[in-house]
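Let's take a friendly walk through a protein model together. Have the sequence and the 3D view ready, and we will go from one spot to the next.

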Amino acid sequence: MQDTIDQLVGRLVDRDGAAATPPRTEATVQADVRQLLLTAPFDLDEAKVVTLEAQVGNRRRIDVEVGATVIEVKKDLRVGNVLADAITQLEGYVADRERERGGRYVGVLTDGAEWRCYHLATGRLVEVSSLLLSASRPDAKALLSWLDGVLATATGLKPTPEAIEEKLGAASSAHRLDLATLSALYAAHHDAPEVRTKRALWARLLATALGTQFSDDDALFIEHTLLVNSAEIIAHAVLGLPVATVAPASLLSGAKFDESGIYGVVEADFFDWVVAVPGGDGFVRALARRLARFEWAEVDRDVLKVLYESVILAEKRKQLGEYYTPDWLAQQVVEAVVTEPLTQRALDPSCGSGTFLFHAVRRYLRAAEEAGVALPDMLRGVTRHVLGMDLHPVAVTFARVTYVLAIGRARLTSPQRGPLHVPVYLGDSMLWRRDPKDLLSATGDLKVAIDDQVRPGAAHALVPTQLNLGGAGFEQAFNFPGPLLKDAGRFDQIVAELAKRASSRTPRSPVPSLRGVFQRLAVPEDQQPALTTTFQTLCRLHDEGRDHIWGYYIRNMARPEWLARAENHVDALIGNPPWLSYRFMPASMQRRFRELSEARRLWSGGKVATQQDLSTLFIARVVQLYLKDEGRFGFVTPDAVPRRPRSPTPRRSGRASSRGEAPRGRRWRHRCTAASATS
């Protein structure tokens, strides 16, 4: 087959064709293009590669049509006005097909050596990717890779790092096509209220997480939208759902997960604006078809980290201060710290895409299987013993999907499974805003403050940021009985139910009774008054047009504050702390950073003050907030931290335990510090 492909490509790229037999004509180029599509590993047959005979509108017939791709073939695009005329012709074909059949169509223009891919934006054809081959170097592999990204027809692909980078990475024709389509959607609808609101919320969170390194630009928001939409589609594919036929709104809301009894994986977020604008459904369907080609059932690593790194390139990640941990190092940290996975509760307080969670989940499941634990108990156990948090909304989505990838399709689809709540939260592990004692009453109940700045028309303040150091007043709070928080899944379910009922009632109508909810969810009588008051507050906020995203906010904000209670402390902390440099922190964060650092004798003044980063204080803070006495922690830290004479790393006793070399001979210059935390 490869010999045939090489011969076909050799003929196609020879545009001069002096020695061609038969002589090169537009018809022979068209025939060779069609034969290449049938011969290459694109899972195509005669019925799928159609050479059309019928006309389209008043134009002459399309040369070749494959799925949602129209291919126009010319003998030589270098001659005269051939290229310009062909683009005009192709534009009409693509527009007609989109109008006749709905959904997104792609146009390809080629003479065998030159390949150009186009999409329709505001009625005009726009080039998104191209490839030029020469007769001296007929690179068949490059051509097949380019065509595979455009056509998206080959199936059964293994989600290896190499395949993900080649077929979905920033250099692929697939990514360029998807990004161009999404960019056009955003450009056409960026002033829509929902789009503006969600973009503002995204920017506010990332400014908190990344400081002044974060550049609030549309391009990054679009990239993040594409990444999160992709991750949420992959999550559905892990369950074995036919993502190419699931309704786009369902794919981005997680409705199918709720129906399956799996909660906390996909939910309405900042990036589902796509399905709220015209043309968004077609984009999501095309993206789903592309991702459905991979076999997501079984993976052996954090593949979403690979996807992120293949899309957000190294220079941009460095600018944002984002550093990911190799799988081999994360696995070593987990094994060194989580020595008894069935009894130790482990938390990654800066979980990123979920690399440490992946290995902690796998470690727990292996131990549970060896101990003969039944599947329902095994899955309940893992979600109680392996938890994650992060302040980055893209990272949290990735980590949630990584969590279910670690569990695997066989366990997720087993009829014995039972309800499953994925314990990965969008939360502020540092609890910058105030100390935990200020959020917990003397009885152990939880209160979540309502920011009085959250009012209609103030897009920049629609949600109270998790870093609120400016002294803004909090007029009220949501109150929840302490015992209700013991079961994270049940707490999330109750909050979601209250928020849904509050937002679905007619504004200013009587507040409905919760008697049926309390009975169905078995809420004890002594917990009902506090929940009733909280529900009344939600209804009032809805009446004032201020209900926006409170249910989502409460569910996520509750977890770090709850984990900070002594009775909920974990046995192990693992992960890679944030390395945000002091000089890139906003002024309010700098003040709080210095205050917390000085209180722990971690502050370095003078010339080195601006060179400090968040990692050391972060470790000290999360050990204080979440770790049991005699608990263990293992973090990937800058190599210099454990070597300082007055080491600021809060390892009251312990040892440096893991250091090694990354693949391809590159030195991984960080140290894993595994230690016991003693008073």
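Cys-117 counts as buried because its relative accessibility is 0%; buried means under 20% relative accessible area, exposed over 50%, and partly exposed in between (1.4 Å probe, protein chains only). Cys-539 is buried too, with a relative accessible area of 1%. How many disulfides does a search of the whole structure find? The search finds zero, where a disulfide is a pair of cysteine sulfur atoms within 2.5 Å. A disulfide is a covalent bond between the sulfur atoms of two cysteines.

Residues are numbered from 1 along each chain as its sequence is written, and side-chain values use heavy atoms, with hydrogens and water left out.

The predictor's confidence in each residue, from 0 to 100, is called pLDDT. The protein chain has an average pLDDT of 82, and 82% of the residues score at least 70. Which elements have the lowest and the highest mean pLDDT? The lowest belongs to strand β16 (residues 653-658), at 34, and the highest to strand β8 (residues 346-348), at 98. Helices (H or I, at least four residues) and strands (E, at least two) are DSSP runs, numbered from the N terminus.

Over residues 436-440 pLDDT stays under 50, and the model has 14 contacts beyond four places in sequence for them. Residues 642-674 also stay under 50, with 84 such contacts. A contact means heavy atoms within 4.5 Å. Where pLDDT is low, the predicted coordinates should not be read in detail.

Helix α24 (residues 614-626) has 13 residues and should span 18 Å at 1.5 Å a residue; its end C-alpha atoms are 17 Å apart, which agrees. The expected span is 1.5 Å times one less than the number of residues in the helix. Why is α24 described as largely enclosed by the rest of the structure? Twelve of its 13 residues are buried, including Leu-614, Phe-618, Arg-621 and Tyr-626.

Helix α8 has 21 residues and reaches 30 Å from its first C-alpha to its last, close to the 30 Å expected. Because 19 of the 21 residues of α8 are buried, this helix is largely enclosed by the rest of the structure. At the start of α8, a side-chain oxygen of Asp-217 comes to within 3.1 Å of the backbone nitrogen of Ala-219. Just after the helix, Gly-240 takes a positive phi of about 85°.

**A buried arginine**

Now look at Arg-15, in the loop between α1 (2-13) and α2 (26-39). Arg-15 is buried, with a relative accessible area of 13%.

Rings of Phe, Tyr and Trp (its six-membered ring) pair if their centres lie within 6.5 Å; planes under 30 degrees apart count as stacked, over 60 as edge-to-face and the rest as tilted. The count comes to 14 aromatic pairs. Here are two of them.

| Pair | Centre to centre | Angle between planes | Type |
|---|---|---|---|
| Tyr-186 and Phe-221 | 5.9 Å | 65° | edge-to-face |
| Tyr-582 and Trp-603 | 5.4 Å | 70° | edge-to-face |

Tyr-186 sits in helix α6 (residues 173-189) and Phe-221 in helix α8 (residues 218-238), so the pair links parts of the chain 35 residues apart. Both Tyr-186 and Phe-221 are buried. Ring pairs link Tyr-186, Trp-202, Phe-221, Phe-270, Phe-271 and Trp-273 into a cluster. As for the other pair, Tyr-582 counts as buried at 13% relative accessibility, and Trp-603 is buried at 18%.

**Two positive phi angles**

Most residues other than glycine have a negative phi, and most peptide bonds are trans. Ala-152 is not a glycine, yet has a positive phi of about 55°. Ala-152 is found in the loop between α4 (140-151) and α5 (161-168). Arg-508, also not a glycine, has a positive phi of about 70°. Are these residues buried or exposed? Ala-152 counts as buried at 19% relative accessibility, whereas Arg-508 counts as exposed at 64%.

Key:
This is a predicted model: local features need pLDDT of at least 70, side-chain atom pairs count only at pLDDT 80 or more; totals for chains, interfaces and linings use all residues. A polar contact is a pair of N or O atoms within 3.5 Å; within protein, one must be able to donate a hydrogen and the other to accept it, and residues adjacent in sequence count only if both atoms are side-chain atoms.
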